[in-house]
Amino acid sequence: MMKVVFLGTGEAFDENIPNNSHLVVVKKTKLLLDCGPTAVPQLWKYNLDPNFLDAVYISHWHADHYFGLPALLLRMWEDKRIKPFTIISKQGFKKQFKNLMNLAYLNFEKKFKYKIKIIEVKEKESKKFQDLKLSFEKTIHSGENFAIKITDGKNTMAYSGDGSPTKGSEFYKNLDLLILETYLYDKEIIGHSSIVSAIKFAEENNAKYLALTHINRNFRKNDLPNIKNKIKSDKIKILIPEPLEEFSFF
């Protein structure tokens with residue numbers, strides 16, 4: 001059975017909600033989706049085993065989605081991790097990762113007792129990782145961002161990273177769960193979905209569940225409590241998950 005732990009559901013600068021990051025758990029694989037600086041302590045709250053995670057997927061190279069990597073990797077090293085670790089991201093990440101690590105902790109990577117494997121992926125490509133099949137598609141965002149679709153052979157989910165999904169794409173059809181970043185209620189911000197457009201998109205693509213994340217911090221605090229009754233659909237089930245909330249597939 002596949003389950004998702006919503007480690008963090010916040011936007012880049014939310015002082016209360018950790019960065020948008022989610023943990024996919026199946027029998028043989030634990031895959032982290034994005035790794036911002038405030039998301040990493042959420043993982044440690046959930047599981048302290050340095051060998052727990054198998055891999056992390058980085059949707060794009062904005063700080064709130066991958067600047068937590070150095071802390072994650074060094075803590076696993078400090079806590080005596082021995083199992084190899086995989087990082088999956090778009091083309092060019094090997095160089096980007098080296099620069100990030102040297103900026104954060106110069107030469108520490110040489111001390112690791114576990115191997116780090118980097119898999120660079122392309123849009124429209126499919127990859128098998130352990131007992132999961134992964135595929136990727138660009139979203140509309142200020143930086144090049146790849147949404148990821150994940151299936152264990154029984155259930156299928158997708159996580160947008162940041163950005164609006166491309167209309168008319170077959171990538172998002174018939175999902176059991178769509179995790180879609182949004183920002184405001186019905187106002188479109190370039191590079192981000194709104195709650196209204198996200199619901200419409202999920203309905204059009206026949207998703208069973210839609211999880212709304214990355215909501216603007218001020219809107220979440222000041223407006224969301226007053227309009228939650230407007231966030232509904234007759235066709236899909238809508239979630240606005242809190243940090244560390246879990247979702248289990250049937």
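Modeller: What follows is a close look at helix 3 and its surroundings.

This is a predicted model, in which local features need pLDDT of at least 70 and side-chain atom pairs count only at pLDDT 80 or more, while totals for chains, interfaces and linings use all residues. Residues are numbered from 1 along each chain as its sequence is written, and side-chain values use heavy atoms, with hydrogens and water left out.

Helix 3 covers residues 69-78 and helix 4 covers 93-104; helices (H or I, at least four residues) and strands (E, at least two) are DSSP runs, numbered from the N terminus. The two helices pack at an angle of about 75°, with their axes 10 Å apart, where axes are lines fitted to C-alpha atoms, for helices over the stretch in contact, and angles run from 0 to 180 degrees between N-to-C directions. Helix 3 and helix 4 are therefore roughly perpendicular to each other, on a scale where angles under 35 degrees count as roughly parallel, over 145 as roughly antiparallel, 65 to 115 as roughly perpendicular and the rest as oblique.

On the helix 3 side, Leu69, Pro70, Leu73 and Leu74 meet Phe93, Phe97, Leu100, Met101 and Ala104 of helix 4, contact meaning heavy atoms within 4.5 Å. The residues of this contact divide into nine nonpolar, no polar and no charged, with Ala, Val, Leu, Ile, Met, Phe, Trp, Tyr, Cys and Pro taken as nonpolar, Asp, Glu, Lys and Arg as charged, and the others, Gly among them, as polar. The buried residues of helix 3 are Leu69, Pro70, Leu72, Leu73, Leu74 and Met76; buried means under 20% relative accessible area, exposed over 50% and partly exposed in between (1.4 Å probe, protein chains only).

Isoleucine 116 lies in strand 6 and, at 22% relative accessibility, counts as partly exposed. Isoleucine 116 and phenylalanine 85 are 31 residues apart in sequence, yet 4.9 Å apart in space, C-alpha to C-alpha.

Because tryptophan 77 lies in helix 3 and phenylalanine 112 in the loop between helix 4 and strand 6 (116-121), the pair ties together parts that are 35 residues apart in sequence. Tryptophan 77 counts as partly exposed at 22% relative accessibility, whereas phenylalanine 112 counts as buried at 10%. Ring pairs also link Phe93 and Phe97 with Trp61, Tyr66 and Phe67 into a cluster.

Two side chains lie over tryptophan faces: arginine 75 over tryptophan 44, at 4.5 Å from the ring centre, and lysine 90 over tryptophan 61, at 4.5 Å from the ring centre. A charge sits over a ring if NZ of Lys or CZ of Arg is within 6 Å of the ring centre and within 35 degrees of the ring normal. Finally, just after helix 3, lysine 80 takes a positive phi of about 75°.

Key. Phe/Tyr/Trp six-rings, centres within 6.5 Å; stacked < 30°, edge-to-face > 60°.
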